[in-house]
Amino acid sequence: MKCHRLLSFITKRIRAGADNGLCPVNLCKSALLKDRGFYMTQKEMILIVKTQLSIDLNCQVEDFAKKGFVFCQGKDNPGRRPFKREESYLEMLTMGKGIIVSGTPDKISMAEQALKDKSRDEGFFQPFVKGHILYYLPDLEEMRQSEPGEGVRDQKVSKSMRKLEAIEGFTYRFVERNEISALYYLNEFENALIFDEHHERPDMLVMLCEKDGVIVGMAGAGADCEKMWQIGVDVLPPYRGYGLAAFLVNSLASEVLERGYIPYYGTTSSNIPSQRVAHRAGFSPAWMCIRQKEYTVQLPQSD
């Protein structure tokens with residue numbers, strides 16, 4: 001499928017799913033796997049993510065390719081990632097072109113005035129913009145699998161992450177969802193765990209790193225929505241510098257992909273060590289956003 005045909009295909013699946021109360025992203029992903037016959041490509045993964053983000057922001061997938069600002073009224077669409085929103089809120093997001101601005105009507109009205117004639121970069125440095133959050137997606141490497149006598153066009157193509165070598169001197173193991181609550185006494189791992197069995201974005205899978213039977217590092221994946229699991233990682237201070245964080249994130253992300261979900265990684269723009277972990281683990285930047293609860297900018301008075 002060409003990209004525009006794939007987008008049309010996914011849109012139809014979304015509409016069909018919404019009519020039946022089903023999750024749009026789940027339908028998109030399962031349809032791709034079934035109809036294409038191999039794991040998603042990088043472009044397909046990004047398109048699925050754009051579809052999810054468009055649900056979150058109440059915009060169109062095509063809006064991410066537009067330059068300038070796209071303003072849209074926020075809405076609690078079925079299937080959106082359930083991040084907390086205040087009664088009045090503003091969200092801004094870019095995937096490298098323009099900026100999607102979504103929120104309540106009062107905030108949108110003020111944002112339209114404040115961002116008038118501003119560039120993309122100027123938009124993210126306004127007085128009311130705080131807390132730049134960078135999100136990363138895995139770089140999928142192409143692996144061709146062929147049977148004897150098959151030509152290149154007959155080869156099946158799948159995608160996976162480049163896997164890092166395990167750091168020697170430590171042991172590793174996965175912990176499944178039904179066993180994760182047993183780890184909630186470990187309060188040093190707040191980036192890896194949600195610490196709530198009934199959270200709307202529950203812990204789904206954890207990879208532990210142990211030294212002499214003691215847990216010294218952990219990466220956890222939480223289900224932010226039906227097909228996107230966000231990864232967080234913590235390593236105790238005495239064991240940092242070995243490369244454990246990157247290995248844990250890489251290994252967990254690879255397992256998440258194998259299970260048919262999209263792993264993604266978030267960090268703030270000022271957290272350089274965390275960004276290095278993302279890069280070393282095989283991730284690259286995909287989008288940046290802010291979620292603004294307070295809007296205190298003083299707009300110029302018109303004459």
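Tutor: Happy to! The accessible surface of the protein comes to about 16,200 Å², and carbon and sulfur atoms hold 47% of that (Shrake-Rupley method, 1.4 Å probe; for residues, only the protein chains shown count as cover). This is a predicted model, where local features need pLDDT of at least 70, side-chain atom pairs count only at pLDDT 80 or more, and totals for chains, interfaces and linings use all residues. Residues are numbered from 1 along each chain as its sequence is written, and side-chain values use heavy atoms, leaving out hydrogens and water.

The protein has 8 helices and 12 strands, which are DSSP runs numbered from the N terminus (helices: H or I, at least four residues; strands: E, at least two).

Now its partners; two strands pair if DSSP finds at least two bridges between them. Strand S4 (residues 133-138) runs antiparallel to S11, joined by 4 bridges, and Leu 134 sits opposite Thr 267 of S11. Strand S10 (residues 228-235) pairs with S11 in the parallel sense, also over 4 bridges; here Trp 229 has Pro 263 as its bridge partner. From S10 the chain reaches S11 through helix H7 (residues 244-258), a right-handed β-α-β crossover: with the strands pointing away from the viewer, the path from the first strand over the helix to the second runs clockwise.

H7 itself is mostly covered, with 13 of its 15 residues buried. Just after H7, Gly 260 takes a positive phi of about 95°.

Next comes the packing. The largest nonpolar core has 81 residues, and Tyr 265 and Trp 287 are among those with the most contacts inside it (such a core is a set of buried Ala, Val, Leu, Ile, Met, Phe, Trp, Tyr and Cys residues joined through side-chain atoms within 4.5 Å). H7 supplies the largest share of this core, 9 residues. Beyond its neighbours within four places in sequence, Trp 287 is in contact with residues including Ile 133, Leu 134, Met 228 and Tyr 264, where contact means heavy atoms within 4.5 Å.

How values were computed:
Buried < 20%, exposed > 50% of the residue type's maximum accessible area, 1.4 Å probe, protein only.
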